[in-house]
Amino acid sequence: MSEDHEGFMRQAIELAYEGMNGGHGGPFGAVIVRDGVVIGRGHNRVLSACDPTAHAEVTAIRDASARVQKFDLSGSVIYVNGLPCPMCMAAIFWARIGKVYYGCPAKDAAAIGFDDEAFYHELAKPLLERETPSVQVVACYQEALGSYEAWLKREARIHY
């Protein structure tokens, strides 16, 4: 069975219009496909959900995971009308999605006010040198580590 890259991309583009025209958020849409079947759909809902994480890719991952009742979406691919931002790429990695197909490169999103370059730049900096620094509370290290050790001792733990 040949893959219908253009058809799936057009579905993602339609979702981008749907969300944008509905006032839900920016012009971004995504579909997740496994074995030639769409298992998840999403568009940007940052404004309507008052949720800065409700990007198209994340909403599509949430939809797919709910539909297949699994957090591991191995064997699937995602189609997005724009190259995913760093947050969305991390979500794609965590969902174990195997490949990203995109329509527009990052420079096109930057040209309309969605510039991720600053985020990539910040993530490349050492933890304490970031605009939003990450500071370890050393006095609580052992207590925090205890929660990790307790996780390892759980017989019912599920690896992800």
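## A tour of the sheet and its helices

Begin with S3, H4 and S4: together they make a right-handed β-α-β unit. Keep in mind that this is a predicted model.

**Stop 1: the two strands of the unit.** Select S3, residues 76-82, and S4, residues 99-104. They run parallel, and five bridges join them. Now pick out Val 80 and look across to S4. Tyr 102 stands opposite Val 80 there.

Stop 2: Select H4, residues 86-94. Which of its residues are buried? They are Pro 86, Cys 88, Met 89 and Ile 92. Turn the view until you look down the axis of H4. The buried residues fall within an arc of 160°, so they line one face of the helix. What do they pack against? Their partners are H3, S3, S4 and helix H6, which spans residues 117-124. Before you leave, select Arg 96, which follows H4. Its phi is positive, near 65°.

**Stop 3: the whole sheet.** Show the four strands together. They form an open sheet in the order S2-S1-S3-S4, with mixed pairing. S2, residues 37-43, and S4 stand at the edges. Each has a single partner strand, so one side of each is left without a neighbour in the sheet.

Strands of a sheet pair through backbone hydrogen bonds, either parallel or antiparallel. You have seen S3 run parallel to S4. Now select S1, residues 29-34. S1 pairs with S3 in the antiparallel sense, over five bridges.

As you step along any strand, watch the side chains. In a regular strand they alternate between the two faces of the sheet.

**Stop 4: the helix across the sheet.** Select H3, residues 56-68. H3 lies across S1, S2 and S3. Against S2, H3 runs at about 140°.

Stop 5: Zoom in on Ala 56, which lies in H3. Is Ala 56 buried or exposed? It is buried, because its relative accessible area is 1%, and buried means under 20%. Which residues does Ala 56 touch, leaving out those up to four places away in sequence? Select Phe 28, Gly 29, Ala 30, Gly 42, His 43 and Asn 44 to see them.

**Last stop: a distance.** Select the C-alpha atoms of Ala 56 and Phe 119. These residues are 63 apart along the chain, and the two atoms are separated by 18 Å.

Notes. Residues are numbered from 1 along each chain as its sequence is written. This is a predicted model: local features need pLDDT of at least 70, side-chain atom pairs count only at pLDDT 80 or more; totals for chains, interfaces and linings use all residues. Side-chain values use heavy atoms; hydrogens and water are left out. Buried means under 20% relative accessible area, exposed over 50%, partly exposed in between (1.4 Å probe, protein chains only). Contact means heavy atoms within 4.5 Å. The arc is that of the directions from the helix axis to the C-beta atoms. Two strands pair if DSSP finds at least two bridges between them. A crossover is right-handed if, with the strands pointing away from the viewer, the path from the first strand over the helix to the second runs clockwise. Axes are lines fitted to C-alpha atoms, for helices over the stretch in contact, and angles run from 0 to 180 degrees between N-to-C directions.
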